[in-house]
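I opened my notebook to look up a few things in this structure. Here is what I wrote down, entry by entry.

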Amino acid sequence: MLRIMQCTDNHHTMLETLRRHGIKNGTVLQAMSRVPRDAFAPTSADPRDNPYGDHPYPIGHGQTMSQPYIVAYMTERLNLKQGERILEIGTGSGYQTAILAELGLQVYTIERISKLAEHTVKKLTDFGYSNIHVRIGDGYKGWKDESPFDAIIVTCAPAIMPTRLIQQLGHNGRMILPIGIEVQRLVLVRKKGDTIEEETDIGVRFVPMVHGES
Ligand code: SAH
């Protein structure tokens, strides 16, 4: 399958906004310039809706694709290196998944809504990614057989810290996730041997992390 990765006017505007918001990591910005965000967004009946806009975008099933800034910010904060293994909880549209794949990571991603996951797998396969592994399941359990991971990114919000995911981080592992119900904040977890450091970061608004499959 042919991968068309054009840097469009929409990309330029989005990248300018990301830089204005303070995103500096050139590798992350480059990955975001290569992925066509519109290909991951369902077509809207309203032509004014722009998937590249500085806001989240609805993807159906009551879920949303995160605002580009939040995708970039969470990715940047994980300080990822090519070849690392990352677990993503909440595949959704597959947009964040594609950004991680563009960074040359081995991506393991879990989505609880089977219809959404099946649609997304098809899309990611059409794009030709061979470094993405998708599983339909409950992300609270993580992916033990493929652990330990160098990094974990959670794109739905649990009410409290999911400790099982921390167990699946390797030495020097990093995890970023939103925590909270109404008021949510990003939390960055760093694991060094048996020591776990937690840093509370910016306020965010994510869909809730839900137990079980659907
Ligand atoms: N990163 C996605 C964000 C999608 S919204 C994107 O770029 O499109 C969050 C996703 O998390 C939804 O698809 C939702 O179904 C999923 N989700 C919620 N709870 C989950 C759980 N326990 N396990 C796996 N996925 C979950």
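**Entry 1: an asparagine in a strand**

I began with Asn172, which counts as partly exposed because its relative accessibility is 44%. For that label, buried means under 20% relative accessible area, exposed means over 50%, and partly exposed is in between, with a 1.4 Å probe and protein chains only. Asn172 lies in strand β7, residues 169-180. Helices (H or I, at least four residues) and strands (E, at least two) are DSSP runs numbered from the N terminus. I then looked up the phi of Asn172, and it is positive, about 65 degrees, although Asn172 is not a glycine.

A note on the source: this is a predicted model, where local features need pLDDT of at least 70 and side-chain atom pairs count only at pLDDT 80 or more, while totals for chains, interfaces and linings use all residues. Residues are numbered from 1 along each chain as its sequence is written, and side-chain values use heavy atoms, with hydrogens and water left out.

**Entry 2: more backbone to look at**

I reminded myself that most residues other than glycine have a negative phi, and most peptide bonds are trans. Asn79 has a positive phi near 50 degrees and is not a glycine. I found Asn79 in the loop between α3 and β3 (85-89). Then I checked a peptide bond: the one from Ser147 to Pro148 is cis, with omega near 5 degrees. Pro148 sits in the loop between β5 (132-136) and β6.

**Entry 3: Pro68 and its helix**

Is Pro68 buried or exposed? Pro68 is buried, with a relative accessible area of 2%. Pro68 lies in helix α3, residues 68-77. I listed what Pro68 touches, leaving out residues up to four places away in sequence: Met14, Leu18, Met32, Arg37, Tyr52, Gly53 and His55. Contact here means heavy atoms within 4.5 Å. His55 and Pro68 are 13 residues apart in sequence, and their C-alpha atoms are 7.1 Å apart in space.

How many of the ten residues of α3 are buried? Nine of them are, so I noted α3 as mostly covered. Among the buried ones are Tyr69, Ile70, Val71 and Glu76.

**Entry 4: the cores**

The largest nonpolar core has 46 residues, and those with the most contacts inside it are Leu18, Met32, Ile86 and Tyr95. A nonpolar core is a set of buried Ala, Val, Leu, Ile, Met, Phe, Trp, Tyr and Cys residues joined through side-chain atoms within 4.5 Å. Elements giving two or more residues to this core include α1 (9-20), α5 (114-126) and β8 (184-192). α3 gives the most, with six residues. I also found a second, separate core of 21 residues, which includes Ile110, Tyr140, Met161 and Met209.

**Entry 5: two helices packing**

Helix α2 (residues 26-34) packs with helix α4 (residues 95-102) at about 125 degrees, and their axes are 9 Å apart. That makes α2 oblique to α4, since angles under 35 degrees count as roughly parallel, over 145 as roughly antiparallel, 65 to 115 as roughly perpendicular and the rest as oblique. Axes are lines fitted to C-alpha atoms, for helices over the stretch in contact, and angles run from 0 to 180 degrees between N-to-C directions. Ala31, Met32 and Arg34 of α2 meet Tyr95, Ile99 and Glu102 of α4.
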